[in-house]
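Please read these points with the structure open beside you.

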Amino acid sequence: MKRSLLALGLGLALAATAQAADIRLVIHGGAGTMAREDFTPERAAKYHEGLQQALQAGYAVLEQGGTAVDAVKAAINQMELNPNFNAGRGAVFTSEGKNELDSSIMDGKTLSAGAVAGVTNVKHPINCADLVRTKSPHVMMATKGAEEFCAKNGAETVDPKWFFTDFRYQQLQKAKEKEQIILDHDGDHPKTANAELFIDPMMYDYKYGTVGAVALDKDGNIAAGTSTGGMTNKRFGRVGDSPIIGAGTYANNETVAVSCTGSGEMFIRTSAAYNVHAHYKLLGQDVQKAGDAAIAEVGAIKGSGGMIILDAKGNFAFPMNSAGMYRGTISKDGVPMTAIFADEELKNVDVKKLRESK
């Protein structure tokens, strides 16, 4: 009897320990040339508030014992609804005046992954990508086929007009006037802290509106997801790194979960997300060093951007070679910490107070 009670007590203690394991969510809302002089208090408040809402949505899943995959989806769903980010509603326009959405997700426990590219009527592309992961034997589906598959499997669909915002439409007109491809969050001044890196004549301003999330759940599993509207004025069915496993998204419980944002072609060419995994696993580098190494390879071929990284121990990093990245994190304390500029520390921002400041 005593042995039974002892075993029961030990079992309960182990269960309590498992429940008490740290949880962590890390997100980004895009990287690029965020110049401080271009940010009014109101503009900064909008981004901090959007990041906080996404963090709280993902945290609610993790705090209630949900999976890392579900937390990633919950956080990204919030950003897909926020027109300040280039994902879902508020996505940028192609040269044909359409919103084409790309997304991917990966479960670090099973290495299962799903992705969609060029969808136009799926309200939450990240959910569509997860349907590809869980309801099909495939990893990626594109355009009409992806739309049909996701609709048949319960994805919420909308009229393509639902994604329209006047701000993004004016970006397209501005891009057409310049007769060049520009990227999301276009500004008037092509300036950057790393100007020597950026020589691509097809790009004007270097701000990337992709959103992403990586999460660690109570069971020690990690996951990663990425979602984007792509490039303003993009042509020829262009697809960037966001829906490509190993380039824009990667997760493996043995190493790291990664979501990238930046000049997609360069992230594809360097397999940036998987590169972090390789540096972490093969060279024994921590999340910061592994991320810095991956970003350095992107920069070596004139690429710009950043990434979020999280390992199964709860360590995280925000490596970037851009002037800023909308980013944030939240842990078991439930306090959202956010930042915008590269040299800015994460902090719990009082959005109301920020709006009232001058």
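**Notes on the model**

1. Thr210 sits in the loop between strand 5 (207-208) and strand 6 (211-216). The model is a predicted one. The unreviewed UniProt entry lists Thr210 under "active site".

2. Is Thr210 buried or exposed? Its relative accessibility is 7%, and a residue under 20% is called buried, so Thr210 counts as buried. Setting aside neighbours within four places in sequence, Thr210 has contacts that include His28, Gly29, Gly30 and Asn86. Also among them are Thr226, Ser227, Thr228 and Ser242, as well as Cys260 and Thr261.

3. Four strands form an open sheet in the order 8-9-10-11, and their pairing is antiparallel. Strand 8 (249-251) and strand 11 (316-317) are at the edges; each has a single partner strand, so one side of each has no neighbour in the sheet. As a general point, strands of a sheet pair through backbone hydrogen bonds, in either a parallel or an antiparallel way.

4. Within this sheet, strand 10 (residues 305-311) pairs with strand 11 in the antiparallel sense, over two bridges. Which residue of strand 11 does Ile309 stand opposite? The residue is Ala317.

5. Helix 8 (residues 272-282) touches strand 8, strand 9 (256-262) and strand 10. The direction of helix 8 makes about 140° with that of strand 9. Helix 9 (residues 287-300) also packs on the sheet and touches strand 9, strand 10 and strand 11. The direction of helix 9 makes about 150° with that of strand 10.

6. Strand 12 (residues 324-331) and strand 13 run antiparallel and are joined by four bridges. Strand 13 (residues 337-341) is mostly covered, with four of its five residues buried.

7. Does the length of helix 2 (residues 41-63) agree or disagree with its residue count? At 1.5 Å a residue, its 23 residues should span 33 Å. The expected span uses one less than the number of residues. The end C-alpha atoms of helix 2 are 31 Å apart, which agrees. Just after helix 2, Gly65 has a positive phi of about 90°.

Key: Residues numbered from 1 in each chain as written. Predicted model: local features only at pLDDT ≥ 70, side-chain atom pairs only at ≥ 80, totals over all residues. Heavy atoms only, no water. Pairing = 2+ DSSP bridges. Contact = heavy atoms within 4.5 Å. Axes fitted to C-alpha atoms, helices over the stretch in contact; angles between N-to-C directions. UniProt positions renumbered as here; feature names shortened; annotations may be inferred. Buried < 20%, exposed > 50% of the residue type's maximum accessible area, 1.4 Å probe, protein only.
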